[in-house]
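Subject: Structure handover

Hello,

I am passing on the structure we spoke about. Please open it first and then read the notes below it.

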Amino acid sequence: MKRLSVLLASGALAVSAQAVNWSKLADSPTGSVFSLDLDSIESSDINIIDEKSVENITVSIRRTYPAQKKPAQKNEVQANKENNIHHSDQQLLISCKDFSYYRRAYVNYGADNKVIKSWQSEKPILTTKDFTITTPNTIGRTIVEQACKNHEQAKQKA
């Protein structure tokens with residue numbers, strides 16, 4: 001079952017691995033870098049059960065973590081294995097109406113680009129309560145606002 005979830009999450013994020021046009025958006029105080037794949041932004045056909053008239057978009061984002069310190073002792077290697085993430089690719093479903101998002105899937109990679117952990121939502125039906133509303137002047141809000149802005153610009157060009 002774990003292998004199936006890795007395959008599903010990897011499949012959901014395959015777009016981010018293929019159509020890569022990463023645009024750096026923000027640096028966190030802890031040293032992480034957040035980027036948005038501009039080529040992944042598209043309208044979503046996923047309906048939110050309690051808000052049918054809202055257009056949502058899907059996007060792929062990447063969080064690249066700062067380099068990890070080398071463990072001092074052998075027994076620390078296993079303890080740090082789960083935390084030794086180089087980058088995480090995530091797929092978000094975004095509502096530009098209220099600048100909220102729902103994380104649909106993620107894949108965490110080590111420095112060798114091997115999958116450490118993956119997850120994909122199994123929720124068949126979403127409501128507005130499943131979404132996280134972003135706070136102004138945060139990295140989350142910056143990501144959502146930029147994705148919405150790029151999507152709106154692309155719609156106007158078409």
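This is a predicted model: local features need pLDDT of at least 70, side-chain atom pairs count only at pLDDT 80 or more; totals for chains, interfaces and linings use all residues.

Overall make-up. The protein chain contains four helices and seven strands. Their order along the sequence is α-α-β-β-β-α-β-β-β-β-α. The chain has 158 residues, and 34% of them count as buried. It exposes about 10,000 Å², with 50% of that area supplied by carbon and sulfur atoms. Among contacts in the chain with a separation of 6 or more, 56% are between residues 24 or more positions apart.

Strand 1 covers residues 22-27 and strand 2 covers residues 33-43. The two run antiparallel and are joined by five bridges. Ala-26 has Phe-34 in strand 2 as its bridge partner. Five residues lie between the strands of this hairpin, and Gly-31 there has a positive phi near 100°.

The residue to look at is Asp-89. It belongs to strand 4, which spans residues 87-95. Is Asp-89 buried or exposed? Its relative accessible area is 2%, and a residue counts as buried under 20%, so Asp-89 is buried. What does the side chain of Asp-89 make a polar contact with? The partner is the side chain of Arg-62, at 2.6 Å.

Regards

Technical notes
Residues are numbered from 1 along each chain as its sequence is written. Side-chain values use heavy atoms; hydrogens and water are left out. Two strands pair if DSSP finds at least two bridges between them. Buried means under 20% relative accessible area, exposed over 50%, partly exposed in between (1.4 Å probe, protein chains only). Contact means heavy atoms within 4.5 Å. Accessible areas come from the Shrake-Rupley method with a 1.4 Å probe; for residues, only the protein chains shown count as cover. A polar contact is a pair of N or O atoms within 3.5 Å; within protein, one must be able to donate a hydrogen and the other to accept it, and residues adjacent in sequence count only if both atoms are side-chain atoms.
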